[in-house]
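Student: I should like to work through this model step by step, from its overall fold to its individual side chains. May we begin with the order of its elements?

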Amino acid sequence: MATSTSPVIRARNAKYQANVTKRGQTKISAHAEKKVAKKPVANPMLVGCLLLMLCGGAIFEVLRLFGAGTESSF
């Protein structure tokens with residue numbers, strides 16, 4: 001059952017095939033490049049809070065291990 005394709009479909013196929021060779025080689029617009037460059041990976045306030053919690057927890061553990069609070073046991 002051989003069917004012929006319509007001219008519209010053939011035109012779309014040709015356009016698609018021409019685009020296949022351009023994949024990965026398109027230029028990024030100047031606006032998109034600025035938008036990508038300005039976006040930080042993590043919020044600096046969030047990173048600061050996490051560091052404060054980690055370092056503070058480590059300091060409290062060291063104080064607890066070396067007897068700075070021997071009067072009370074949790």
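Student: In what order do the elements of the protein chain run from the N terminus on?

Tutor: The model is a predicted one. The protein chain has 3 helices and 0 strands. Read from the N terminus on, the order is therefore α-α-α.

Student: In which helix of the protein chain is confidence highest?

Tutor: The chain as a whole averages a pLDDT of 78, and 59% of its residues score at least 70. Where pLDDT is low, predicted coordinates should not be read in detail. Confidence is lowest in helix H2 (residues 30-38), with a mean of 65, whereas the highest mean, 92, belongs to H3.

Student: How far apart are the closest N and O atoms of the salt bridge between Arg64 and Glu61?

Tutor: Side chains of opposite charge can pair when their charged atoms come close. Arg64 and Glu61 both lie in helix H3, 3 residues apart, or about one turn of the helix. Glu61 is partly exposed, at 38% relative accessible area. The count comes to 1 salt bridge, and in the pair of Arg64 and Glu61 the closest N and O atoms are separated by 3.0 Å.

Student: How many disulfides does a search of the whole structure find?

Tutor: Cys49 is partly exposed, with 43% relative accessibility, and Cys55 is partly exposed as well, at 47%. A disulfide would require a pair of cysteine sulfur atoms within 2.5 Å. The search of the whole structure gives a count of 0.

Student: What percentage of the 74 residues count as buried?

Tutor: The protein chain has an accessible surface of about 7600 Å², and carbon and sulfur atoms contribute 66% of that surface. To count as buried, a residue must have under 20% relative accessible area. Of the 74 residues, the share that counts as buried is 0%.

How values were computed:
Residues are numbered from 1 along each chain as its sequence is written. This is a predicted model: local features need pLDDT of at least 70, side-chain atom pairs count only at pLDDT 80 or more; totals for chains, interfaces and linings use all residues. Side-chain values use heavy atoms; hydrogens and water are left out. pLDDT is the predictor's confidence in each residue, from 0 to 100. Helices (H or I, at least four residues) and strands (E, at least two) are DSSP runs, numbered from the N terminus. A salt bridge is a side-chain nitrogen of Lys or Arg within 4 Å of a carboxyl oxygen of Asp or Glu. Buried means under 20% relative accessible area, exposed over 50%, partly exposed in between (1.4 Å probe, protein chains only). Accessible areas come from the Shrake-Rupley method with a 1.4 Å probe; for residues, only the protein chains shown count as cover.
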